[in-house]
Each structure stands twice: as C-alpha cells, then as structure tokens.
Amino acid sequence: MIDWDQKKNLPIGFMDSGLGGLSVLREAVRIMPAEDFIYYGDSLHAPYGTKEEEVIRELTFNVVKILLKQGIKGLAVACNTATSAAVRRLRIDYPNLPIVGIEPAIKPAVVNHKNGRILVMATPMTIRQKKYQTLLERYREQAEIISVPCGGLMEFVERGRIEEDELNAYFEEHLLPYLSEDTETIVLGCTHYPFLKPYLRKFLEPRVIDLIDGSLGTSMELKRRLSEKNLLREENRKGYVKIQNSTGRQDMIDLSYRLLEMPVD
C-alpha cells in the first residue's frame, strides 16, 4: 500500500539531453518553491536531436530509470526530442507516475498571432518526428508556420561558452533565410534555446519579433498533475535542487547551477 504522505516528500525528477531543460526547471522552481528537484542532464550523449528515434527512446528510458532508483514522485521530460520519442511509452510503462513532456509552443503562438508568419526553431529530429508534424497540422490552417531546422545550435549552451560572432554566423546561415518582413513570432522549440534569447534579440534588431517557449506551460501542467494526486508539499518550506550529469564532470554541474540562476529575458 502506498504511503502518500511519504511519497509527497519525494523530489520531482527532471531529465534532459543536456543542460537545456534547466530553462524549464527554473520555471518549475519559481511556481513550486516548496518542492525538491533532481535534475539529470545526459550531456555525455548530447545532442539527442541528431540521433535516430529508437536510440533517443533508449537513452531517455536509461535516464528515467536512474531517477526512479533515487525516488521521485513526478517526472518532467524537459526535452522536445525526448518527449516526442519516449513520453507516450513512458506513460504506458509507468502509469502511476505523473509525467509531463514538452513540445514547441505552437498553440500559444497561433492563439496570439496577428496574421504574421510564425517560425519554429527546433532540432532536425524534433521536426521529423510524427508528434511534431501532427501538432503542426493541427494549426496549419490558422497561421503560416515555418519549421527552421537548427542542428548544432544547442551545443552553444552545452559548451558553456558563447562566442557572439560565431553565434551570429550561425543565425545568418540557419535563421536569416527564413526571416521576412511579416515574421512576428519565433517559437523556441528546444529547451536550450531560451538561454540564447539575449543574443537572438540582438541579432534580430531592429525587428520586433516575439520569442516564446513552452517552459512555463510545461511547469504549470506538472504542478496540476501533482496536485491532482495530492503530491504537492506544504508551502512553508524552501525546496532544494540537486543536479546530476552523465559526464560526471564537476564543471558541468557548476555550469548547470549558473544557467539555473541566469536570466533569459
């Protein structure tokens, strides 16, 4: 028999292919400050977005098993690619575990658009997967939505060092061909990309283009699912965040904590 009071005191698990999911974790910490979190970044196998779907699914399950062994009461798959490849199967295999994934924030972009073009920056694998294509089809008649494959962009965050000239050269090659005068919104379809917002905004000047991502929506859904099962902790405490990384390198842990505190807007 489940001891729900004891289960309530367990941390919430977060996983990502690397460090990008910290942008989602930051929102979760903000709206659930009393909760404890364990974040596992699989930087040793990053990037997921260039791998085959079966490989991504296996890597995702391996990380989830590591988190489950430590004891978690809920799981956030804070990676668009891993969500598309593995979340449906995870929910089948772990039916009693509240699980949320993340997907490109196309819905809010369409709801708020003013007839302009919407660009979705995402990894090549995310764009190829059926889940993403289904999402795209759902809103294609309501707005012009253009997918922008951004292979290699997440590595700017993973390496912990951003050379602005090098990043601008990347945007020139991969993003500029998709920009037009009527582009009004860019959806950041990878959890790494919010950390690049300041550089992206500077590159886009003097254009005024909305940059949106799914971090807050995912965190709100996670809180809702935990609340449904009465798994949220009392508010009269401050939770902690424990960060782990498959590389085993302390510099990656240190970088993770720095990113967690870094403003993106």
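Contact here means heavy atoms within 4.5 Å, and helices (H or I, at least four residues) and strands (E, at least two) are DSSP runs, numbered from the N terminus. This is a predicted model, in which local features need pLDDT of at least 70, side-chain atom pairs count only at pLDDT 80 or more, and totals for chains, interfaces and linings use all residues. Residues are numbered from 1 along each chain as its sequence is written, and side-chain values use heavy atoms, with hydrogens and water left out.

**Helix α2 and its partners**

Select L22, L25 and R26 in α2 together with S256, L259 and L260 in α12, and you have the residues through which these two helices meet. The axes of α2 and helix α12 (residues 250–261) come within 9 Å and cross at roughly 55°, where axes are lines fitted to C-alpha atoms, for helices over the stretch in contact, and angles run from 0 to 180 degrees between N-to-C directions. That angle makes α2 oblique to α12, given that angles under 35 degrees count as roughly parallel, over 145 as roughly antiparallel, 65 to 115 as roughly perpendicular and the rest as oblique. The crossing of α2 with α12 is right-handed; a crossing has that hand if the near helix is turned clockwise from the far one by less than a right angle, and is left-handed if anticlockwise.

On the α2 side the contact is made by S23, V24, E27, A28, R30 and I31, and on the α11 side by S215, L216, T218, S219, M220 and K223. The α2–α11 crossing is right-handed.

**N80 and the cysteines**

Move to N80 in helix α4 (residues 80–93), which counts as buried at 4% relative accessibility (buried means under 20% relative accessible area, exposed over 50%, partly exposed in between, with a 1.4 Å probe and protein chains only). The side chain of N80 reaches the backbone oxygen of G189 at 3.0 Å. Leaving aside neighbours within four places in sequence, N80 is in contact with several residues, among them I102, E103, T126 and C190.

The structure holds 0 disulfides, a disulfide being a pair of cysteine sulfur atoms within 2.5 Å. For C150, the nearest cysteine sulfur is that of C190, 8.9 Å away, and for C190 it is that of C79, 6.6 Å away. C150 is buried, with a relative accessible area of 2%, and C190 is buried, at 8%.

**Strand β7**

Select T185 in strand β7 (residues 183–188), which counts as buried at 5% relative accessibility. Not counting residues up to four places away in sequence, T185 touches A109, R117, I118, L119, I209, D210 and I212.

**Backbone stops in the loops**

Most residues other than glycine have a negative phi, and most peptide bonds are trans. The peptide bond from A46 to P47 is cis, with omega near 0°, and P47 is in the loop between β2 (37–41) and α3 (53–70). Another cis peptide bond joins E205 and P206, with omega about 5°, and P206 lies in the loop between α10 (197–204) and β8 (210–212).

Finally, pick N115, in the loop between α5 (106–111) and β5 (117–122): N115 has a positive phi of about 75° although it is not a glycine, and it is exposed, with a relative accessible area of 72%.

Note on methods. A polar contact is a pair of N or O atoms within 3.5 Å; within protein, one must be able to donate a hydrogen and the other to accept it, and residues adjacent in sequence count only if both atoms are side-chain atoms.
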